[in-house]
Amino acid sequence: FPDLIRFAKTQWNCARVREMAGVPCYPVGPSLDIDLFRPRVKQETVWPERPLRVTAMVRPNTPRRQAKFTMDVLRQFYQNHAGSVEIVLFGVEPHDPEFQRLSKDYPWRHAGILTRSQLASLMNEVDIFVDFSSFQAMGLTAMEAMACGAAVILPQDGGASSFAVHEKNALIVNTQSKQDCLNALERLYRDNDLRA
C-alpha cells in the first residue's frame, strides 16, 4: 500500500515500525479518556487511616507483562511491610489456569477483569500502580492511574517516556531487575512527598 499513512501513539512505536517494517511512521501522541480517568472523592478511607494500597495488572497470558516477576516483587514488598500495605491485583480471571500456577503465598485482593469504569474506580482508591512489564508500547494503564492521582512505577523500555518523567511524575525503572523494582516501591512507601 504505497499511499498508506502509518501512525502510532509514541516515538518508540514509530521506531519499532521503522525497525521491523522499514517504513516511516508518524507519532500522534499518547491519549486517554480524561472524563473517566480523573481524581474523584475517595469512597473509602485513605492512607494513613488504612494500609498503603498498591495495585498491579497481572496477566500471565501476556509474557511481556511479567506476571511471575510482578508477583515476586509484590511478595517481597508485602513481607517487608506486612500489615501496613495492601496489594490489589487485576487483569485476569481468578480461575485462569496460568494465574493459578503463580505463587500467591501472601495476602492480596483480586479485582478480576475490570471494565473501564471499574478500572477508573479502582485507580481512584489506590496509592501506587506498578507496571513491571518488560516494556510498554505506551503504558495506557499507567497514564490512567496517573490521571486518577496514583503514583506510578513504569518500565524504562518502551514508550512511557512520551508522558512519564522519572522522579517528576513517575518512577521509571529497569524491569529486568527485581531489586530495582523493589527499591522503587520502597521509595514510594517511605517518601510521602515523592508519592504525592
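This is a predicted model: local features need pLDDT of at least 70, side-chain atom pairs count only at pLDDT 80 or more; totals for chains, interfaces and linings use all residues.

Me: Cysteines, then. How many disulfides does the structure hold?

Reply: The structure holds 0 disulfides. A disulfide here is a pair of cysteine sulfur atoms within 2.5 Å.

Me: What about Cys14, which cysteine sulfur is nearest?

Reply: That of Cys25, 3.7 Å away. Cys14 is in no disulfide.

Me: Is Cys14 buried or exposed?

Reply: Buried, because its relative accessibility is 0%. The cut-offs are under 20% relative accessible area for buried, over 50% for exposed, and partly exposed in between, using a 1.4 Å probe and protein chains only. Cys181 is also buried, at 0%.

Me: New topic. How many salt bridges are there?

Reply: There are 13 salt bridges. Each one needs a side-chain nitrogen of Lys or Arg within 4 Å of a carboxyl oxygen of Asp or Glu.

Me: Why would such side chains pair?

Reply: Because side chains of opposite charge can pair when their charged atoms come close.

Me: Start with Glu19. What is its partner?

Reply: Arg16, with the closest N and O atoms 3.1 Å apart. Both lie in helix α1 (residues 11-21), 3 residues apart, about one turn of the helix. Helices (H or I, at least four residues) and strands (E, at least two) are DSSP runs, numbered from the N terminus. Glu19 is exposed at 55%, while Arg16 is partly exposed at 34%.

Me: Which pair links distant parts of the chain?

Reply: Arg116 and Asp33 form a salt bridge, with their closest N and O atoms 2.9 Å apart. Arg116 is in helix α4 (residues 116-125). Asp33 sits in the loop between β2 (26-27) and β3 (52-57), and the two residues are 83 residues apart. Arg116 counts as partly exposed at 46%, and Asp33 is partly exposed at 29%.

Me: And Arg75, which residue does it meet?

Reply: Asp72, at 3.2 Å from N to O. They are separated by about one helical turn, because they are 3 residues apart in helix α2 (residues 67-80). Arg75 is buried at 15%, and Asp72 is buried at 12%. Salt bridges that share partners join Lys68, Asp72, Arg75, Asp105 and Lys178 into one network.

Me: Stay on α2. How far does it reach?

Reply: Its 14 residues reach 20 Å from first C-alpha to last, close to the 20 Å expected at 1.5 Å a residue. The expected span is 1.5 Å times one less than the number of residues.

Me: Why call α2 largely enclosed?

Reply: Because 10 of its 14 residues are buried. Among them are Phe69, Met71, Leu74 and Phe77.

Me: What covers those buried residues?

Reply: The cover includes β3, β4 (85-90), β6 (128-130) and α6 (178-190). Contact means heavy atoms within 4.5 Å.

Me: How many residues of α5 are buried?

Reply: In helix α5 (residues 140-148), 7 of the 9 residues are buried, so it is largely enclosed by the rest of the structure. Those buried include Met143, Glu144 and Cys148. The buried residues pack against β3, β4, α4, β6 and β7 (151-155).

Me: What comes just after α5?

Reply: Gly149, which takes a positive phi of about 100 degrees.

Note on methods: Residues are numbered from 1 along each chain as its sequence is written. Side-chain values use heavy atoms; hydrogens and water are left out.
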